[in-house]
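Dear colleague,

Here is the structure I said I would pass on. Please look it over when you have time; my notes are below it.

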Amino acid sequence: MFRRIISFLASVIMLIGVSPCAAKEIIVSSERELIFTEKPTESCHASTVLPLDNGTVVAAWFAGTKEKADDVVILTSVRTENGWSEPVKVSAEENTAHWNPVLFELSDGTVALYFKVGKEIASWKTYVCYSSDAMAWSEPEELVPGDTSGGRGPVKNKPLRLNSGAILAPASDESGKTWRAFVDISNDDGKTWERTDFIEAKLGVIDIPMIQPTLWQSKDGSVHMFTRTKAGKIYRSDSFDEGKTWSEAYPTAIGNNNSGIDLDTDSDGRIFLVCNPHSAQGIRTPLSLLVSTDDGKSFKRIMNLEAGLGEYSYPAIVIRGDTIHITYTYERDYIVYRQIKIK
């Protein structure tokens, strides 16, 4: 009976908000592939993606027996004209769970790989390692040496480089009584970081639990974030001083099922958002691509990346030129890569 109810809910969700006309106006082509077809580990989750100037695409994810298990490490792979490379293991501590890798390109072309380490989320430390080609990685080091606050730097989604050159890392903390989002700021290309205050999010006197922000900068220089929440909606906060201070977060019209989201902007200022766009907690389908042409005020769904009964979650998205690169979890068994050409 439970599975029939879930199947019914999923079928209803799939029909909401799909706009095929919008898709034809924007999408030229869409290709879908698995990064690996023979599973290197029993489980995998929380991927990140980064296209490079040489035409290759880098992906990373955490992998092991199951989330939180002691054998979970970070795996990376590079897509060339010959397909995806064999995954490379990255580990900072033996027999300790690894989490949520994030790829980011520094100003000199070096690829940085950030990730969390810790048996419990409250005890996370953030590590970073570097590569010139994403095929081999330096020895991981603590991002903020000695920090015991529960994790610094990007927590799931990629940092944002502002027009000024400063880097904003979308961060959050789960070590206290509620989930809280903040931003880590670097003015020296990722060498050192300074954190902001936690961002307020309330419904009356009740704190709204929110984590895993994703960021964009508007043409007027203001900076904005969307966050995952437990309140059934994506929440938004705005900054008008390059991310140093933030408004109290407020709900958007976009549903959130308490699962990860990510977005990126193209050269025309359009915002492309990937999420499970509904409020049904625990149901991670469909996984959809939405677009905003009014700086995040409203969104239209232009395609479902996955729409079956299952878990399709934790997307990452990066736009380069006329190409959208997306990775996401497929049933905790595989990582899917999507390459979408847009106009």
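The model is predicted, and the values below are computed from it.

The sheet first. Four strands make up an open sheet, ordered β17-β18-β19-β20, with antiparallel pairing. The edge positions are held by β17 (210-217) and β20 (250-255); each has a single partner strand, so one side of each is left without a neighbour in the sheet. From one strand to the next, the twist averages 30 degrees. At the β20 end, the partner is β19 (residues 233-239), and the antiparallel pairing of β19 with β20 runs over three bridges. In this pair, K233 is opposite G255 of β20.

Now the cores. The largest nonpolar core has 25 residues, and the members that touch the most others are I74, V90, L103, L113, F115 and W137. At least two residues of this core come from each of β2 (43-51), β3 (57-64), β4 (73-80), β7 (98-105), β8 (111-117) and β9 (125-131). The top contributor is β8, with four residues.

What does W137 contact, once its neighbours within four places in sequence are left aside? The list is T76, V88, V90, L103, V111, A112, L113, C129, Y130 and S131. Two of the residues named there, V90 and L103, are also among those that touch the most other core members.

Another core, of 21 residues, lies apart from the largest one; I302, I317, I319 and Y328 are among its members.

Regards

Technical notes: Residues are numbered from 1 along each chain as its sequence is written. This is a predicted model: local features need pLDDT of at least 70, side-chain atom pairs count only at pLDDT 80 or more; totals for chains, interfaces and linings use all residues. Side-chain values use heavy atoms; hydrogens and water are left out. Two strands pair if DSSP finds at least two bridges between them. Axes are lines fitted to C-alpha atoms, for helices over the stretch in contact, and angles run from 0 to 180 degrees between N-to-C directions. A nonpolar core is a set of buried Ala, Val, Leu, Ile, Met, Phe, Trp, Tyr and Cys residues joined through side-chain atoms within 4.5 Å. Buried means under 20% relative accessible area, exposed over 50%, partly exposed in between (1.4 Å probe, protein chains only). Contact means heavy atoms within 4.5 Å.
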